[in-house]
Amino acid sequence: MATRLRRLGIVLAVLGLVFTIGSAYAFLRVQDGYKSLNAFSAAQNVTLSYNEEGQLVDRGEVEGAQAIMGLLTNDWAYPVVTSEFDPNDPVVNTASEYMYQMATVSYHTLHGEQTVVLDEDFTAPDGTVYKAGVEYTVPVDGRYWAAFDRTNPIDAAVRAQAWTGVAHALIGELGVGTVTATTLQMGLGMAGLFAGVGLTFIIAGLGLVWAARPEKVKVPALQPVATPA
């Protein structure tokens with residue numbers, strides 16, 4: 001029985017070593033991914049702005065950054081991790097930073113104004129008449145792409161001018177960055193999990209080998225007995 005337990009312990013220790021090697025490999029690959037993601041953002045100069053107090057700002061205003069964060073956390077219900085925002089590392093390279101940058105693009109698109117000039121007169125359902133050749137400044141009014149009435153030439157023009165291909169492309173690219181950063185976080189967690197499992201197996205295996213080791217029992221030495229005459 002002791003021999004079998006020792007062999008089982010050796011198998012567990014070897015399995016633990018395999019898990020540990022796998023965790024080390026996964027950790028190295030995750031680090032390579034983080035380096036690539038950081039280099040990608042740095043090459044495009046995708047950075048966040050902070051003031052001297054380390055607060056996020058948008059166009060120099062803290063209030064603007066707070067409004068963007070409100071869009072991200074309230075309207076989009078994204079679980080922002082505040083520790084991922086580092087004034088000493090303004091390069092966008094974490095999931096929360098990518099989502100904030102995406103919210104920045106969306107916020108300014110949603111709250112912008114567009115100048116529309118119609119080719120022909122149009123009467124809106126409320127009776128308002130829009131003349132051809134006249135410039136009309138129309139707010140986007142927080143409307144996303146699908147919220148516009150395409151049968152209304154004013155709405156159709158505002159949608160096309162606000163939600164341009166560039167805006168969609170930026171949001172799509174930032175979304176890919178968010179997914180990549182989140183995947184790397186999961187990879188880091190998996191590497192830690194594998195390391196924990198491997199360490200557990202190694203400890204259990206070595207423990208079995210130790211518990212099943214042969215023990216030496218001290219036997220008192222025999223004392224010579226005098227032979228009666």
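A residue counts as buried when its relative accessible area is under 20%, and as exposed when that value is over 50%. Please bear in mind that this is a predicted model.

**First stop: Gly70 and helix α2**

Select Gly70, which is placed in helix α2. Is Gly70 buried or exposed? Its relative accessibility is 17%, so Gly70 counts as buried. Gly70 and Ala103 are separated by 33 residues in sequence, and the distance in space from C-alpha to C-alpha is 9.3 Å.

**Second stop: α2 against α3**

To see the contact, display the side chains on both helices. From α2, the residues that take part are Ala65, Ala67, Ile68, Met69, Leu71 and Leu72; they meet Ser96, Met99, Tyr100, Ala103, Thr104, Ser106, Tyr107, His108 and Leu110 of α3. Sorted by class, the contact of α2 with α3 consists of eleven nonpolar, four polar and no charged residues.

Now centre the view on Thr104, a residue of helix α3. Thr104 has a relative accessible area of 12% and is buried. If residues up to four places away in sequence are left aside, Thr104 touches Asp58 and Ile68.

On the side of α3, the contact is made by Ala95, Tyr98, Met99, Gln101, Met102, Val105, Ser106 and Thr109; on the side of α5, it is made by Ala167, Leu170, Ile171, Leu174, Gly175, Gly177, Thr178, Ala181 and Thr182. The contact of α3 with α5 holds ten nonpolar, seven polar and no charged residues.

Select helix α4, residues 153–162. Which residues of α4 are buried? They are Ile154, Asp155, Ala157, Val158, Arg159 and Ala162. Among the elements that cover these buried residues are α3, α5 and the strands β3 (113–117), β4 (122–123), β5 (129–130) and β6 (135–139). Then move to the start of α4 and display Asn152: a side-chain oxygen of Asn152 comes to within 2.8 Å of the backbone nitrogen of Ile154.

**Last stop: two loop residues**

Finally, turn to the loops. Asn45 is located in the loop between α1 (2–43) and β1 (49–50). Although Asn45 is not a glycine, it has a positive phi of about 60 degrees. With a relative accessibility of 59%, Asn45 counts as exposed. Then select Arg59, in the loop between β2 (56–57) and α2. Arg59 also is a residue other than glycine with a positive phi, here near 55 degrees. The relative accessible area of Arg59 is 70%, so this residue is exposed.

Conventions. Residues are numbered from 1 along each chain as its sequence is written. This is a predicted model: local features need pLDDT of at least 70, side-chain atom pairs count only at pLDDT 80 or more; totals for chains, interfaces and linings use all residues. Side-chain values use heavy atoms; hydrogens and water are left out. Contact means heavy atoms within 4.5 Å. Helices (H or I, at least four residues) and strands (E, at least two) are DSSP runs, numbered from the N terminus. Ala, Val, Leu, Ile, Met, Phe, Trp, Tyr, Cys and Pro count as nonpolar, Asp, Glu, Lys and Arg as charged, and the others, Gly among them, as polar. Buried means under 20% relative accessible area, exposed over 50%, partly exposed in between (1.4 Å probe, protein chains only). A polar contact is a pair of N or O atoms within 3.5 Å; within protein, one must be able to donate a hydrogen and the other to accept it, and residues adjacent in sequence count only if both atoms are side-chain atoms.
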